[in-house]
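Hello,

Here is the structure I promised to pass on. My notes follow below it.

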Amino acid sequence: MEASMSERTSSKPGIADYVVARRKRKECFLDEIDRLIDWNPLEKLLRKTLKRVANAVGNPAYPPLPMFKILLLQRWYTLSDTAVEEALYDRFSFVRFVGLSLDHDEVPDATTICRFRQSLVERNVQKRLLDKLNHQLQRRGLLVREGAIVDVSVVSSARRPFKVLDVLPQDRQEDNEGGTDVTISYSDDAEAAWLRKGNRAYYRYKIHAATDTRDGFVLGGHATPANRSDTEEFVAVLDEVDAKAGESIFADKGYSSQLNRYVLQVRGLADGIMHKAARNRELTLSEKIANRQISSVRAKVERVFGTLKRGYGFHRARYLGRAKVELEFLLNAMAFNLKKAVLKAAC
């Protein structure tokens, strides 16, 4: 999608931009991200993949890269569509990062931001955006691929259910134990599912993801209803993060199965799945030692999920539906990786 008369552009700064540029200012991490990342490959991907997104009243479309940067701002500052629209009117650091002109550009309204986010879901471009960002971090030596840690985290649905059912699947149910899948729910978020943890029931999604083993950069992942088995999503995560032969793959005992260990062996990946005791068979001493060593590595992915929930508000989804929850996770992952890369580059 080439820029034209049908697209808003910020290529020519005006007087207001000149005056602001002359003012003394303290740089923030947004400026550091702009120096670190070459946005051109991402812009080319967005222009090639997305249709123009007009605003609510049908005015010409905004370029896709500024719109994508607005979504990142929402992640870093936990802003709603309306709040980020308001912030773009008076926060110079936001305007500078997005690339809008104080003289010529109107700020995208909340509806336009929502429509752009929906276009990402429809074109399924978010995973490729994460891959391109991570590739740049790898080239700069900030993300070093030695292996991956696979894990899962639960995220509450954006809608509270109207009724809690009594018979629910148990989270990470052990083999051969009883349990009943429940498909009926009373909520307008029909793609979430019930999950029991302890004595409480939750209406949630699961985020199946992987981070690198050295620094905890998010490599990829996807969302499923909360009643989906962790074990069955293991191979899908390996495919998404493009695990290469020779890498080590770590995971907790919830992923321990003959199939998953066989897949690791066939692909030439080092098996770092924790061992699980079975009925009438306790763990051996060597298996207990191996589990402790694996746990020390797995702590990195737990910290990542904790940061996404506390710092990015991802303990509860903002949007309805599995695809939008997955988009929210991947946008959070990109924002998280960029901020981590800036901190690491400064060391």
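**What I found**

The chain has twelve helices and six strands. Both are DSSP runs numbered from the N terminus: helices are H or I with at least four residues, strands E with at least two. This is a predicted model: local features need pLDDT of at least 70, side-chain atom pairs count only at pLDDT 80 or more, and totals for chains, interfaces and linings use all residues. Residues are numbered from 1 along each chain as its sequence is written, and side-chain values use heavy atoms, with hydrogens and water left out.

Burial next. Of the 347 residues in the chain, 49% count as buried. Buried means under 20% relative accessible area, exposed over 50%, partly exposed in between (1.4 Å probe, protein chains only).

Now the core. The largest nonpolar core holds 91 residues. Such a core is a set of buried Ala, Val, Leu, Ile, Met, Phe, Trp, Tyr and Cys residues joined through side-chain atoms within 4.5 Å. Trp39, Phe68 and Trp76 touch the most other members. Helix H12 (residues 322-346) gives the largest share, twelve residues. Domain 1 (15-123) and domain 2 (145-172 + 186-319) both contribute residues, so this core lies between them. The domain bounds come from an automatic or database domain assignment.

Look at Trp76. Leaving out residues up to four places away in sequence, Trp76 touches Phe29, Leu30, Ile33, Phe97, Tyr312, Ala335, Leu338 and Lys339. Contact means heavy atoms within 4.5 Å.

Among contacts with a separation of 6 or more, 71% join residues 24 or more positions apart.

Best wishes
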